[in-house]
Amino acid sequence: MDGNATVVEEAKLLPSSSFDPPLDMNKYSGPPLLLGVVRDGEKFDFCMCNPPFFETMEEAGLNPKTSCGGTPEEMVCPGGEKAFITRIIEDSVVLKESFRWFTSMVGRKVNLKFLTSKLREVGVTIVKTTEFVQGQTCRWGLAWSFVPPVRKIISPLVQKNSLSFTLEGLQRQFSAFHVLQSIESFFCLGGASCKLNASSFVVDITASNDQCKAILRDEAKHPNGAATCNPLEASHSSSYLHPPSNNLSFCISVFQQIPGTLLVKASLQHGDGPVPGVFSLTIQQLEKTLRCKFCREKATHN
């Protein structure tokens, strides 16, 4: 055989893996997750993921406190959850306009820290985390968004008889019910009649223009003050039973959007006309008061 034939024959004898680049176990190498699946023009409210936590089935059985009942296809991928969620983060940068929220379960706290840093690295500014504990098992939730949250009072031109705002960064010791009680106290301070419904997270309020103005004056003097009010007594007050013609009747509802974020919505009970100015100012003052009392950012407000 000539020299060229000898070279070819020797090359055939070498194992093919000698020419393959080493597999990076920190990189996801499976089928497409979001890119290649989501079509152009598609819009979604959120993406939810329960990732394959482990790199091998042997790793899945190392923790005696964890019951692993999934198949290898569900529980295992190269790089485990760290690589899998990292790929979703990378895809989300390209698909930032297609989803309002991206979310995933995380099985290891050390991975949560890495993934949070990865989100900051790619330019995500809205990142939320939470913890799930059931029995002896602890998991974490990770959510991120590229869409700026709405933090201002919604224009009356959009909804003529309602106003709303969001409370973000709610401190962990406070719940939606604490906010609801504070709303009731806020209006009782000015003599308004209040009726709190704890099951539906709603406060029904009847207040005159003068009472709303008194609330604004008192809050200006004592922005962190709190009033106490017996909702049963308030609901039977004479102003509640026989409201004068210039009274405003409205309800305020509190909804939890995601952990640490509440939506507060105030709706007039009667009439389709524009929102009265004193009502709008009162709700704006309520927003400032609640932010100051319940949100982590309260130190930035005067």
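**Asking how we know**

Tutor: Gladly! Keep in mind that this is a predicted model. Let's begin with strands E6 (residues 193-197) and E7, which pair in the antiparallel sense over five bridges.

Student: What makes E6 and E7 a pair of strands?

Tutor: Pairing takes at least two bridges between the strands. E6 and E7 have five bridges, so they count as paired. In one of these bridges, Lys195 has Asp204 in E7 as its partner.

Student: What do E6 and E7 form, and how many residues lie between them?

Tutor: They form a hairpin, with four residues between the two strands. In the turn, Phe201 has a positive phi of about 55°.

Student: How do you know that the length of helix H5 agrees with its number of residues?

Tutor: H5 covers residues 109-121, which is 13 residues. At 1.5 Å a residue, the helix should span 18 Å, and its end C-alpha atoms are 19 Å apart, so the two agree. After H5 comes Gly123, with a positive phi near 100°.

Student: Why are some residues of H5 called buried?

Tutor: A residue is called buried because its relative accessible area is under 20%. In H5, that label goes to Asn111, Leu112, Leu115, Lys118 and Leu119. These residues cover an arc of only 125° around the axis, which puts them on the same side of H5.

Student: What covers those buried residues?

Tutor: The cover includes helix H4 (80-94) and the strands E2 (99-106), E3 (126-134) and E4 (137-145).

Student: Which exposed residues does the face turned away from the buried side carry?

Tutor: That face of H5 carries Val110, Lys113 and Glu121. They are called exposed because that word stands for over 50% relative accessible area.

Student: What does Ile183 touch, leaving out residues up to four places away in sequence?

Tutor: Ile183 touches Ile252, Val254, Val264, Leu286 and Leu290.

Technical notes: Residues numbered from 1 in each chain as written. Predicted model: local features only at pLDDT ≥ 70, side-chain atom pairs only at ≥ 80, totals over all residues. Heavy atoms only, no water. Expected span 1.5 Å × (residues − 1). Buried < 20%, exposed > 50% of the residue type's maximum accessible area, 1.4 Å probe, protein only. Arc of directions from axis to C-beta. Contact = heavy atoms within 4.5 Å.
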